[in-house]
Amino acid sequence: MEKLPVLITERILLREIEEYDASDMYEYARLPMVGPNAGWQPHVSLSETKAVIRLFQGKKKYGQLGVFSIIWRENNKMIGTIELHSYVRNHKAELGYTINPEYWGRGIAVEASKKVISWGFEKLLLKRIECMTFPSNIQSRRVCEKIGLTYEGLKRKGYLNYDGTIKDIDCYAITDDEYFQRIYENSWR
Ligand SMILES: CC(C)(COP(=O)(O)OP(=O)(O)OC[C@H]1O[C@@H](n2cnc3c(N)ncnc32)[C@H](O)[C@@H]1OP(=O)(O)O)[C@@H](O)C(=O)NCCC(=O)NCCS
């Protein structure tokens with residue numbers, strides 16, 4: 001199976017997630033302030049994290065793109081994940097990201113998202129990239145705003161959570177036209 005490309009920005013490197021990322025990933029995936037904000041249950045053991053990584057890798061068999069690990073270049077530590085999931089070839093995908101709380105507040109999700117969105121429009125030729133976030137997730141909504149995604153509205157009862165509850169979810173998106181307009185205006189940095 002073809003690996004994801006390696007994407008490099010000023011402070012981070014994005015590459016395919018690997019099983020050896022498990023201990024760095026478990027460090028944050030076990031925390032209650034991380035997964036539930038993104039719709040998944042905190043991990044209870046390192047072996048669960050390893051199983052989740054295998055699940056991520058397995059998605060490629062079903063035509064999905066796979067998951068990037070976010071590597072902090074200064075110390076080579078895996079500090080989060082980012083992906084374009086729910087991929088529909090030549091049409092659209094959904095952006096998802098998680099950062100280790102030790103690294104929150106430094107604009108890393110924005111830096112990673114911009115790189116992945118550029119890849120999605122320029123290499124995958126997507127027409128639309130969306131990002132869904134719970135209305136209560138101020139941090140993720142700020143990320144969407146800072147990237148410059150357009151707020152499209154609240155999908156009422158739009159999300160089936162891991163615990164079986166149904167939740168409202170905010171929808172943000174960017175189209176290829178918007179993206180290339182920003183490149184043209186030199187406002188995509
Ligand atoms: C959402 C998330 C990826 C943002 O990552 P990040 O790299 O910290 O993003 P930013 O540095 O751009 O910060 C975004 C906002 O978070 C808030 N924030 C920053 N540092 C924070 C901290 N230490 N604690 C709580 N909130 C903080 C601020 O409101 C900030 O917005 P601002 O720049 O306008 O002040 C991260 O919070 C996370 O992993 N959350 C849990 C998983 C999740 O919610 N994923 C998204 C699912 S849709």
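Which handedness does the crossing of helix 4 and helix 5 have, left-handed or right-handed? I looked this up and found that the crossing is right-handed. The rule I used: a crossing is left-handed if the near helix is turned anticlockwise from the far one by less than a right angle, and right-handed if clockwise.

**Entry 1: ground rules.** I am working with a predicted model, where local features need pLDDT of at least 70, side-chain atom pairs count only at pLDDT 80 or more, and totals for chains, interfaces and linings use all residues. Residues are numbered from 1 along each chain as its sequence is written. Helices (H or I, at least four residues) and strands (E, at least two) are DSSP runs, numbered from the N terminus.

**Entry 2: helix 4 and helix 5.** I found that the axes of helix 4 (residues 108-122) and helix 5 (residues 138-147) come within 9 Å and cross at roughly 50°. That makes helix 4 oblique to helix 5. My cut-offs: angles under 35 degrees count as roughly parallel, over 145 as roughly antiparallel, 65 to 115 as roughly perpendicular and the rest as oblique. Axes are lines fitted to C-alpha atoms, for helices over the stretch in contact, and angles run from 0 to 180 degrees between N-to-C directions. Helix 4 brings Ala109, Val110, Ser113 and Lys114 to the contact, and helix 5 brings Val143, Lys146 and Ile147. Contact here needs C-beta atoms, placed from the backbone, within 7 Å.

**Entry 3: helix 1 and helix 3.** Here the axes of helix 1 (residues 22-29) and helix 3 (residues 46-58) come within 9 Å and cross at roughly 110°. The two helices are therefore roughly perpendicular to each other. Their crossing is right-handed. I noted Ala22, Ser23, Met25, Tyr26 and Ala29 from helix 1, meeting Leu46, Thr49, Lys50 and Ile53 from helix 3.

Entry 4: I counted 8 strands in an open sheet, ordered 1-2-3-4-5-6-8-7, with mixed pairing. Strand 1 (7-8) and strand 7 (150-160) stand at the edges with a single partner strand each, so one side of each has no neighbour in the sheet. Two strands pair if DSSP finds at least two bridges between them. Strand 1 pairs with strand 2 (residues 12-16) in the antiparallel sense over 2 bridges. I also found that Leu7 has Leu14 in strand 2 as its bridge partner.

**Entry 5: the ligand.** Which residues come nearest to the ligand? Of the 21 residues around the ligand, they are Asn37, Trp104, Gly105, Ala109 and Gln139. Near means that the C-beta atom, placed from the backbone, lies within 6 Å. Helix 5 gives the largest share of the shell, 6 residues.

Key
Two residues are in contact if their C-beta atoms, placed from the backbone, lie within 7 Å.
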